[in-house]
Amino acid sequence: MELLNPLADSDFPGRTVSYSGTAGNTGTWNAGPQGVVIWSTTDAYVVVGEGVTATASSTPIPANVPIPFIVPQGTGAPWRVSALQIGSNGVLYAKPINIR
């Protein structure tokens with residue numbers, strides 16, 4: 001099992017967002033973290049990156065299971081997490097991390 005290193009809350013706070021049949025997007029973080037741990041209260045489609053919006057083609061995750069995702073290396077612009085319901089409305093939680 002890989003150990004994860006949560007980043008300082010002052011620079012990379014955890015964020016929450018509600019989602020439904022319309023995608024919910026977290027606020028943005030500056031570039032830098034290697035990953036983000038995501039979990040949701042209901043099954044959801046999620047995507048991580050610069051200016052992204054979740055769709056039914058995004059990655060599905062099960063409810064209440066924290067899952068680490070790599071933050072794609074883009075242009076260096078702020079990035080976010082977006083979620084869309086699979087079956088019912090919910091809340092997404094996200095916390096930036098480094099792998100070591």
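From the N terminus on, the elements of the protein run β-β-β-β-β-β-β-β-β. The count is 0 helices and 9 strands. Both element types are DSSP runs numbered from the N terminus: helices are H or I with at least four residues, strands are E with at least two. The structure is a predicted model, in which local features need pLDDT of at least 70, side-chain atom pairs count only at pLDDT 80 or more, and totals for chains, interfaces and linings use all residues. Residues are numbered from 1 along each chain as its sequence is written, and side-chain values use heavy atoms, with hydrogens and water left out.

An open sheet is formed by 4 strands. Their order is β3-β8-β5-β6, with antiparallel pairing. Strands pair if DSSP finds at least two bridges between them. At the edges lie β3 (24-25) and β6 (59-61), each of which pairs on one side only. Strand β5 (residues 44-49) and strand β8 (residues 80-85) run antiparallel and are joined by 6 bridges. Y45 has L84 in β8 as its bridge partner.

The radius of gyration of the protein is 13 Å. This agrees with a compact globule of 100 residues, for which a value near 13 Å would be found. The radius is taken over C-alpha atoms, and the globule rule is 2.2 Å times the number of residues to the power 0.38. Along the principal axes, the C-alpha atoms fill a box of roughly 35 × 30 × 25 Å. Of the contacts (heavy atoms within 4.5 Å) with a separation of 6 or more, 76% are between residues 24 or more positions apart.

Buried residues make up 38% of the 100 residues. Buried means under 20% relative accessible area, exposed over 50%, and partly exposed in between, with a 1.4 Å probe and protein chains only. The accessible surface comes to about 5300 Å². Carbon and sulfur atoms hold 54% of that surface. Areas come from the Shrake-Rupley method with a 1.4 Å probe; for residues, only the protein chains shown count as cover.

The protein carries 4 positive and 5 negative side chains. The centres of the two sets lie 3 Å apart. Lys and Arg count as positive, Asp and Glu as negative; His and the chain ends are not counted. Each charge is placed at NZ of Lys, CZ of Arg, CG of Asp or CD of Glu.

P68 is found in strand β7 (residues 67-70). With a relative accessible area of 49%, P68 is partly exposed. Leaving aside neighbours within four places in sequence, P68 is in contact with L4, V36, V37 and I97. P96 lies 28 residues from P68 along the chain, and their C-alpha atoms are separated by 9.2 Å.
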